[in-house]
Amino acid sequence: MTGPEGVFKFFLAVEALGLIAWPLVRKVFRSFPDQGWSFSKIIGIVLTAWLAWLLSFLHLVSFNREHTLMIMGFIAALCWVGLRPEVVSLRLGGFSKKSAMIFLVGSVTGPRFCQSCFLFWGFLAGLA
Amino acid sequence: MRINKPDIEGLEKFMDYGFMLSILKTEYFPPLDHYLAAEPINYYYFGHLIAALITQIAKVPPGMGYNFQMSNILALGLAESFSIGMMFYQQLAGMDVSDVRRRWSLWAGTLSSTFVMLVVIFTILSSNYLLSFSSKTFF
């Protein structure tokens, strides 16, 4: 596997973990300008990791990729179906079209730009 | 984290990577300790579990996942501090929450995230400096 392919896969996994928890996070972080999008990733990651750990610790479900994906699906179902009014309001607005565009571009490119900067900084440090 | 020198060595990297591999190999928790055969890890390992989980979902080699996760932590820190800085400015200025077009609120977020990242970098640099100083003096 090449580096860029790995970065892309890792990026997709982080975004997916953020997306599954967004309705729940949005409910809590309503007063934030990005409606909790930046926090959704870490909360999605923590929720999935905690549930995977708990089920495995109790010897109910073994820890492997298939089961982790199933746990992600379960959390996604809880958040997206259980919090349906949030999802509906997500579709109807809360964001103006221009705000949503700025926010979407910023939230996707901002952290990845930072990640690239740190990787490049590491590259320079490696040269030194 | 380093493109040019992605070696997992120095400080706690070897231990962290070992815990991460141990978690990836385990079927049920707690995972086995790679330092002490047949014994479970006697340490807090939730951070390692998170790195292992994303590596497992993304299906990338563990060595790659370890390095990506190091930069991902900083990237998430940047995004969250940006959001918090922007929220504080909007609350103080009495602005509408959904209005992200105001230039000053974007600057507030940028300033906040830059400050947090600078603190992180200075902490890393100062700890490296102190470590090199202490190793020269005492060891």
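Of the 37 residues in the largest nonpolar core, the ones touching the most other members are Phe10(A), Leu17(A), Phe63(A), Ile23(B) and Ile54(B). A nonpolar core here is a set of buried Ala, Val, Leu, Ile, Met, Phe, Trp, Tyr and Cys residues joined through side-chain atoms within 4.5 Å; buried means under 20% relative accessible area, exposed over 50%, and partly exposed in between, with a 1.4 Å probe and protein chains only. Keep in mind that this is a predicted model, where local features need pLDDT of at least 70, side-chain atom pairs count only at pLDDT 80 or more, and totals for chains, interfaces and linings use all residues. Residues are numbered from 1 along each chain as its sequence is written, chains are lettered from A and ligands numbered from 1 in the order in which they are written, and side-chain values use heavy atoms, with hydrogens and water left out.

- Helices (H or I, at least four residues) and strands (E, at least two) are DSSP runs, numbered from the N terminus.
- The top contributor to this core is α2(B), with eight residues.
- There's also a second, separate core of eight residues, and Trp22(A), Phe29(A), Trp37(A) and Phe39(A) are among them.
- As general background, nonpolar side chains tend to be buried together in soluble globular proteins.
- What does Phe63(A) touch, leaving out residues up to four places away in sequence? In its own chain the partners are Ala52(A), Ser56(A) and Thr68(A), and across in chain B they are Ile23(B), Thr26(B), Glu27(B), Phe29(B), Leu49(B), Leu53(B) and Gln56(B). Contact means heavy atoms within 4.5 Å.

**Aromatic rings**

- Searching the whole structure turns up 12 aromatic pairs over all chains. Rings of Phe, Tyr and Trp (its six-membered ring) pair if their centres lie within 6.5 Å; planes under 30 degrees apart count as stacked, over 60 as edge-to-face and the rest as tilted.
- Why is the pair Phe32(A) and Phe39(A) edge-to-face? The ring centres of Phe32(A) and Phe39(A) are 5.4 Å apart and the planes sit at 70°, so the pair gets that label.
- Phe32(A) and Phe39(A) are both buried, and together with Phe29(A) they form one aromatic cluster.

**Chain by chain**

- Chain A has five helices and zero strands. Of its 128 residues, 44% are buried.
- In chain A, 57% of the contacts with a separation of 6 or more are between residues 24 or more positions apart.
- Accessible areas come from the Shrake-Rupley method with a 1.4 Å probe; for residues, only the protein chains shown count as cover.
- Chain B has four helices and zero strands, and 41% of its 139 residues are buried.
- For chain B, 46% of contacts between residues at least 6 apart in sequence join residues at least 24 apart.
- The accessible surface of chain B is about 8,200 Å², and carbon and sulfur atoms hold 67% of it.

**Helix α1 of chain B**

- With 13 residues, α1(B) reaches 18 Å from first C-alpha to last, close to the 18 Å expected at 1.5 Å a residue. The expected span is 1.5 Å times one less than the number of residues.
- Its buried residues are Met15(B), Asp16(B), Tyr17(B), Gly18(B), Phe19(B), Met20(B), Ser22(B) and Ile23(B); their cover includes α2 and α3 of chain B.

- Most residues other than glycine have a negative phi, and most peptide bonds are trans.
- A cis peptide bond, omega about 0°, links Phe29(B) to Pro30(B); Pro30(B) sits in the loop between α1 and α2 of chain B.
- His59(A), not a glycine, has a positive phi near 60° and lies in the loop between α2 and α3 of chain A.
- Lys59(B) also isn't a glycine and has a positive phi of about 60°; this residue is in the loop between α2 and α3 of chain B.
- Is Lys59(B) buried or exposed? Lys59(B) counts as exposed because its relative accessibility is 54%.

**Ser112(B)**

- Ser112(B) is in helix α4 (residues 103-138) of chain B.
- Setting aside neighbours within four places in sequence, Ser112(B) contacts Ser81(B), Phe82(B) and Gly85(B).
- A polar atom of the Ser112(B) side chain lies 2.7 Å from the backbone oxygen of Ser81(B).

Note on methods:
A polar contact is a pair of N or O atoms within 3.5 Å; within protein, one must be able to donate a hydrogen and the other to accept it, and residues adjacent in sequence count only if both atoms are side-chain atoms.
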